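Thanks for asking me to look this one over. My notes follow as numbered points, with the cut-offs given where each term comes up.

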Amino acid sequence: MNEQVRRSLRKLLGPFVLLLCVLAFFYIGGDYYQGVGLAAVDSTRRALKYVLGVAAFLSLAVLVQRIVQYVVFDGIVASATGAPVPKLLSQISGLLIFGVAISACAGIVFDQDLTVLWAAS
């Protein structure tokens, strides 16, 4: 492997490992902290659900943004055109990816109506 591919894979490894850790915590620890049933733990469980949900969506968004940036733009498009991709295109794609992730987070984790969110923004 050449150095650019190795560097791109190293940049993708962090968000991927974070996403796997959060999803593993959901899978392994999900029954445990829901099964305790104490009233004092209920608010902690609710807050933990929100924190882990937001962390899962944002780590997935970082992973997707880095895949688009380093694999699609820097890898495929730049090698096909022979020129680097304009910075504005990568910034707009990142903005769209994080906008979708925040909308999905608001809709799934916080149970908000997305039509109100999009109309207000």
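**Notes on the model**

1. Let me begin with E3, which is partly exposed at a relative accessible area of 41%; here buried means under 20% relative accessible area, exposed over 50%, and partly exposed in between, with a 1.4 Å probe and protein chains only. Please keep in mind that this is a predicted model, in which local features need pLDDT of at least 70 and side-chain atom pairs count only at pLDDT 80 or more, while totals for chains, interfaces and linings use all residues. Residues are numbered from 1 along each chain as its sequence is written, and side-chain values use heavy atoms, with hydrogens and water left out.

2. The structure holds two of them. One links R6 to E3, with the closest N and O atoms 3.5 Å apart. The other joins E3 and R10, and there the closest N and O atoms are 3.5 Å apart. R6 itself is partly exposed, at 37% relative accessibility. Because R6 and E3 sit three residues apart in helix 1 (residues 3-35), about one helical turn separates them.

3. Of the 121 residues in the chain, 23% count as buried. Among contacts in the chain with a separation of 6 or more, 67% come from residues 24 or more positions apart; a contact means heavy atoms within 4.5 Å.

4. What is the accessible surface of the chain? The total is about 8300 Å², and 71% of that belongs to carbon and sulfur atoms. Areas come from the Shrake-Rupley method with a 1.4 Å probe, and for residues only the protein chains shown count as cover.

5. A nonpolar patch on the surface is formed by I67, V71, V72, I76 and V77, with about 340 Å² of accessible area together. Patches are made of residues with over 30% relative accessible area and no salt bridge; like charges are joined within 9 Å, and nonpolar side chains (Val, Leu, Ile, Met, Phe, Trp, Tyr) within 5 Å. V71 is placed in helix 2 (residues 39-81) and counts as partly exposed at 36% relative accessibility.

6. The structure holds one aromatic pair. Y50 and F110 make up this pair, which is tilted, at 5.0 Å centre to centre and 35 degrees between the planes. Y50 lies in helix 2 and F110 in the loop between helix 3 and helix 4 (114-120), so the pair ties together parts that are 60 residues apart in sequence. For reference, rings of Phe, Tyr and Trp (its six-membered ring) pair if their centres lie within 6.5 Å; planes under 30 degrees apart count as stacked, over 60 as edge-to-face and the rest as tilted. Y50 is partly exposed at 30% relative accessibility, and F110 is partly exposed at 36%.

7. C105 has its place in helix 3 and is buried, with a relative accessible area of 7%. Leaving aside neighbours within four places in sequence, C105 is in contact with V54, F57 and F110. C105 and Y50 are 55 residues apart in sequence, and their C-alpha atoms are 9.2 Å apart in space.

8. How many disulfides does a search of the whole structure find? The search finds zero, a disulfide being a pair of cysteine sulfur atoms within 2.5 Å. C21 is partly exposed, with a relative accessible area of 48%.

9. Two further residues deserve a look. S90, found in helix 3 (residues 87-108), counts as buried at 12% relative accessibility. Not counting residues up to four places away in sequence, S90 touches Q69 and F73. L60 is in helix 2 and is partly exposed, with a relative accessible area of 37%. The C-alpha atoms of L60 and L19, 41 residues apart along the chain, are separated by 6.3 Å.

Methods: A salt bridge is a side-chain nitrogen of Lys or Arg within 4 Å of a carboxyl oxygen of Asp or Glu. Helices (H or I, at least four residues) and strands (E, at least two) are DSSP runs, numbered from the N terminus.
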